[in-house]
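Try each task before you read its solution.

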Amino acid sequence: MTTHTVTLTGLRAVYGTGTRRVTALDGVTTSFASGTFTAVMGPSGSGKSTLLHCAAGLDSPTEGTVTIDGIRLDQLGEDEVTRLRRDRIGFVFQAFNLVSTLTAGQNVELPLRLAGRRPPARDVTAALDAVGLADRAGHRPSELSGGEQQRAAVARALITRPAVVFADEPTGALDSAASRQVLRLLRALVDDHGQTVVMVTHDPNAAAYADRVLLLADGRVVDELDGDISAATVAARIAERETLRERSC
Ligand SMILES: Nc1ncnc2c1ncn2[C@@H]1O[C@H](COP(=O)(O)OP(=O)(O)O)[C@@H](O)[C@H]1O
Ligand SMILES: [Mg+2]
């Protein structure tokens, strides 16, 4: 039986009012099976970040429900959402979002410290080791390359062993070699640890690491690919959609 770590039902997200009203999500229903890697793609402004933020409990949808590990977020209080996010969800941002005054090691242990736990040094070392940064524990973000900073951010997202890791364009600011390292890491979370990964990307090469691709347009899921995903099949599908869009305009 397939179990789903994340289920989204009828998600709508509306920002602003009157003439400034924007519908970022317009009825998204989908789920992310445990131990799978999904890439979310679509044009800029199609609602990808909103989808991720709602799914991760960083933002509340206007309508619809998010269920994580069988728990409905809208039925939780604010503190309970914070706790669930801390314990079961990892989030990786395009801009890394490391704390500049802390070392890589301190950044990695931050989620546990915020939860009032004192992580054993070996756990921090193991997390840094898993991303190939064991020898950079004492470096501050400004002393690390972009790729190293993002790998530290991945280690930080993993220290709590979350059921699901959301990543919003995690390779958007990286060169191709650093991107490959980060993508291999995300893939290994799924293959070696059965975690669930949902990643927003613009890059068909990055999407090729996924088991499934969701294509968004105007806040809706308009297409889905699974099975044998290659950069070429993803790029072809996106080009097809763009042609359809141009014709309908
Ligand atoms: N906090 C916000 N306030 C107002 N509008 C927003 C906000 N966040 C997103 N939007 C709008 O919602 C739409 C979808 O945004 P977003 O989810 O960031 O798209 P994507 O990540 O696909 O580029 C865009 O039109 C964006 O301008
Ligand atoms: Mg975005």
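**Exercise 1: Helices H5 and H6**

Gly146, Gly147, Gln150, Arg151 and Val154 in H5 meet Ala178, Gln181, Val182 and Leu185 in H6. To meet, or be in contact, means that the C-beta atoms, placed from the backbone, lie within 7 Å. Helices (H or I, at least four residues) and strands (E, at least two) are DSSP runs, numbered from the N terminus. This is a predicted model, in which local features need pLDDT of at least 70 and side-chain atom pairs count only at pLDDT 80 or more, while totals for chains, interfaces and linings use all residues. Residues are numbered from 1 along each chain as its sequence is written, and chains are lettered from A and ligands numbered from 1 in the order in which they are written.

Task: Sort the residues in the contact of H5 with H6 by class, then describe how the axes of H5 and H6 cross.

Solution. 
- Step 1. The H5 and H6 contact has 4 nonpolar, 4 polar and 1 charged residues. Here Ala, Val, Leu, Ile, Met, Phe, Trp, Tyr, Cys and Pro count as nonpolar, Asp, Glu, Lys and Arg as charged, and the others, Gly among them, as polar.
- Step 2. The two axes come within 9 Å and cross at roughly 15 degrees. Axes are lines fitted to C-alpha atoms, for helices over the stretch in contact, and angles run from 0 to 180 degrees between N-to-C directions.
- Step 3. H5 and H6 are therefore roughly parallel to each other. The cut-offs: under 35 degrees is roughly parallel, over 145 roughly antiparallel, 65 to 115 roughly perpendicular, and the rest oblique.
- Step 4. The crossing of H5 and H6 is right-handed.

**Exercise 2: Helix H3 and its partners**

Task: At what angle does H3 pack against H5, and at what angle does H3 cross H4?

Solution. 
- Step 1. Take H3 (residues 104-114) and H5 (residues 146-158): they pack at an angle of about 30 degrees, with axes 7 Å apart. So H3 is roughly parallel to H5.
- Step 2. H3 and H5 have a right-handed crossing.
- Step 3. Find the residues: Ala104, Asn107, Val108, Leu110 and Pro111 in H3 meet Ala152, Ala155 and Arg156 in H5. By class, this H3 and H5 contact has 6 nonpolar, 1 polar and 1 charged residues.
- Step 4. Now turn to H4 (residues 121-130). Its axis comes within 10 Å of the axis of H3, and the two cross at roughly 110 degrees. So H3 is roughly perpendicular to H4.
- Step 5. Ala104, Gly105, Val108 and Glu109 in H3 meet Val124, Ala127 and Leu128 in H4. This H3 and H4 contact counts 5 nonpolar, 1 polar and 1 charged residues.

**Exercise 3: Positive phi**

Task: Where do aspartate 69 and glutamate 169 lie?

Solution. 
- Step 1. Most residues other than glycine have a negative phi.
- Step 2. Aspartate 69 has a positive phi of about 50 degrees. Aspartate 69 sits in the loop between strand S4 (63-68) and strand S5 (71-72).
- Step 3. Aspartate 69 is partly exposed, with 18 other C-beta atoms within 10 Å.
- Step 4. Glutamate 169 has a positive phi of about 50 degrees. Its place is the loop between S7 and helix H6 (176-193).
- Step 5. Glutamate 169 is buried, with 21 other C-beta atoms within 10 Å.

Note on methods
Left-handed = near helix turned anticlockwise from the far one by under 90°. Contact = placed C-beta atoms within 7 Å. Buried ≥ 20, exposed ≤ 12 C-beta atoms within 10 Å, placed from the backbone.
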